[in-house]
Structures are given as C-alpha cells and as structure tokens.
Amino acid sequence: MIFQTARSGGKGGQNVNKVETMVEGRWHVDSSQLVKDEQRQFIHQKLRNKITSDGYLLVKSQQARTQLENKEIVIRKMNELVNHAIEKKKIRIATKPSKAYHEKRIESKKQKSFVKEGKRRIRPGEY
C-alpha cells in the first residue's frame, strides 16, 4: 500500500495552505497476496471506476484536519470497498403464495364485495 499526501481544501483556515493533510492511498490489486484469483476478478469488476490503468485501487480522503486521521479514513474506506466487492450475493429463490393465503385473499374480497353491495342504492323494481 502506497500513501501520498497533498494540500487539501476545506477546514483548517490558513493551515490549509501550508500543511499537506489530504491522503491518497493506492493498493495494487494484481500483485497483492491477500486475495485469491476469484476475489481479484470480483474486485476488478465491481471497482473498475476506482482502479487506475496501472491496476491500483485509488482512495482519497481530505475530511479530517490531520494527515493521520485522513490516513485512517483511507484505510477504512479501502477495507469497506474491498470487503463489499468480495461479498457474494445470495441467489433469490422464487416462491409461490401458499394455498391458505390465496383462500384468505378470496374470502376477504367476498367480504368487501358483500359490504359494498349493502351500501349500494336500491333502484325502483329491485325490491
């Protein structure tokens, strides 16, 4: 993992102009031994917008006023991104409504129909 610093905007007043508080973290995905080949493919697919042409995962932070805090934020963000990319999605299994649910629905429709029929006006010749 490679860290670079630069001057950042935001909070800090005059301090912003003279102190390098922004931290940029780079992690080379292909040469890393922390992930397996399958996981590496997932990372490349899901984080392709954050991976440079050189194969580095790039994360920046300039939220905090100190370099150390921004470095911690970069590490946390990178861990979250990689963990989320590696996570396998559960396959959705389609289910059918149960017979009891279907019967209950039909019964409630009949009940509503009966109530509405009772509210209807009586026309001459229907009584």
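In this predicted model, lysine 88 is exposed, with a relative accessibility of 58%; the value lies over 50%, so the residue falls in the exposed class. Lysine 88 is placed in the loop that runs between helix α2 (67-86) and helix α3. Apart from neighbours within four places in sequence, the contacts of lysine 88 are with Glu38 and Phe42. Phenylalanine 42 lies 46 residues away from lysine 88 along the chain, yet the C-alpha atoms of the two are separated by 9.1 Å.

The chain as a whole contains 3 helices and 3 strands, arranged along the sequence in the pattern β-β-α-β-α-α. The radius of gyration of the chain is 30 Å, whereas the globule rule gives 14 Å for 127 residues, so the chain is more spread out than a compact globule. Along the principal axes, the C-alpha atoms fill a box of roughly 95 × 45 × 20 Å. Of the 127 residues, 20% are buried. Among contacts with a separation of 6 or more, 53% are accounted for by residues 24 or more positions apart.

The accessible surface of the chain amounts to about 10900 Å², and carbon and sulfur atoms supply 50% of this area. The side chains include 30 positive and 14 negative ones, and 8 Å separates the centres of the two sets. Confidence in the prediction was also examined. The mean pLDDT of the chain is 86, with 94% of the residues at 70 or more. Among the elements, the lowest mean pLDDT, 83, belongs to strand β1 (residues 2-6), and the highest, 94, to helix α3 (residues 99-119).

Two residues of the loop between strands β1 and β2 were considered next. Not counting residues up to four places away in sequence, threonine 21 touches Ala6, Ser8, Ser61, Arg65, Thr66, Gln67 and Asn70. Valine 19 is placed in the loop between β1 and β2 as well, but is partly exposed, with a relative accessible area of 31%. Threonine 95 is 76 residues from valine 19 along the chain, and the C-alpha atoms of this pair are separated by 59 Å.

Lysine 60 belongs to strand β3 (residues 56-61). When neighbours within four places in sequence are left aside, lysine 60 is in contact with Met22, Val23, Glu24, Val74 and Lys77. The C-alpha atoms of lysine 60 and asparagine 83, a pair 23 residues apart along the chain, are separated by 18 Å.

Note on methods. Residues are numbered from 1 along each chain as its sequence is written. This is a predicted model: local features need pLDDT of at least 70, side-chain atom pairs count only at pLDDT 80 or more; totals for chains, interfaces and linings use all residues. Side-chain values use heavy atoms; hydrogens and water are left out. Helices (H or I, at least four residues) and strands (E, at least two) are DSSP runs, numbered from the N terminus. The radius of gyration is taken over C-alpha atoms; the globule rule is 2.2 Å times the number of residues to the power 0.38. Buried means under 20% relative accessible area, exposed over 50%, partly exposed in between (1.4 Å probe, protein chains only). Contact means heavy atoms within 4.5 Å. Accessible areas come from the Shrake-Rupley method with a 1.4 Å probe; for residues, only the protein chains shown count as cover. Lys and Arg count as positive and Asp and Glu as negative; His and the chain ends are not counted. The place of a charge is taken as NZ of Lys, CZ of Arg, CG of Asp or CD of Glu. pLDDT is the predictor's confidence in each residue, from 0 to 100.
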